[in-house]
Amino acid sequence: REGRQMEVQGARQRMEELQAMLEKERRDKEWQVLEVQRSMEEEIKAERQGWKWARDGEKSLVEDLKETERLVRTCEKTVLRAASAVHVMMSRSAREKERMHASLKDFMDEMTPVQAAVGYQPQVA
């Protein structure tokens, strides 16, 4: 009977050892699962941050593009105003030149009879 008790006690001890090993293995696996979970959460957080930066960058680029388009329109208006002013000035200058030539022709037409009367002979070089 004592042999049987030794067997039972040995089995209990073996069972306790196995139970302790299983408990340790369970804790190790839980820790590994937690580490993988933390790692995945960090990757997801980094991915989300990357997408946020991309959205912020896109928003900034869109705002810069709108501002550039506004500045281009302003420049186009300014160039058109300047071109219009140059056109007006050139038209005025042409009219003034035309008036000056007409006045000079009138003066010359008026002076021709006077020159003939006084015997003026222009010297040709």
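A residue is called buried when its relative accessible area is under 20%, exposed when it is over 50%, and partly exposed in between, as computed with a 1.4 Å probe and protein chains only. The model described here is predicted, so that local features need pLDDT of at least 70 and side-chain atom pairs count only at pLDDT 80 or more, while totals for chains, interfaces and linings use all residues. Residues are numbered from 1 along each chain as its sequence is written, and side-chain values use heavy atoms, with hydrogens and water left out.

The protein chain contains one helix and zero strands, where helices (H or I, at least four residues) and strands (E, at least two) are DSSP runs numbered from the N terminus. Its radius of gyration, taken over C-alpha atoms, is 52 Å, well over the 14 Å that the globule rule gives for 125 residues, so the chain is more spread out than a compact globule; the rule itself is 2.2 Å times the number of residues to the power 0.38. Along the principal axes, the C-alpha trace spans about 170 × 30 × 10 Å, and of the 125 residues 0% count as buried.

The protein chain carries 24 positive and 25 negative side chains, with the centres of the two sets 3 Å apart; Lys and Arg count as positive and Asp and Glu as negative, without His and the chain ends, and each charge is placed at NZ of Lys, CZ of Arg, CG of Asp or CD of Glu. On the surface, E41, E42, E43 and E47 form a patch of negative charge, a patch being built from residues with over 30% relative accessible area and no salt bridge, with like charges joined within 9 Å. Of these residues, E43 lies in helix α1 (residues 2-118) and is exposed, at a relative accessible area of 54%.

Side chains of opposite charge can pair when their charged atoms come close. The structure holds 11 salt bridges, each defined by a side-chain nitrogen of Lys or Arg within 4 Å of a carboxyl oxygen of Asp or Glu. One of them joins K52 to D56, with the closest N and O atoms 3.0 Å apart, and these residues, four apart in helix α1, are separated by about one helical turn. Another links R99 with E96 at 2.7 Å between the closest N and O atoms; both residues lie in helix α1, three residues apart. Elsewhere, salt bridges with shared partners connect E23, R26, R27 and E30 into one network.

Methods: Patch = residues over 30% accessible without salt bridge, like charges linked within 9 Å, V, L, I, M, F, W, Y side chains within 5 Å. Areas by Shrake-Rupley, 256 points an atom, 1.4 Å probe, with all protein chains shown as cover.
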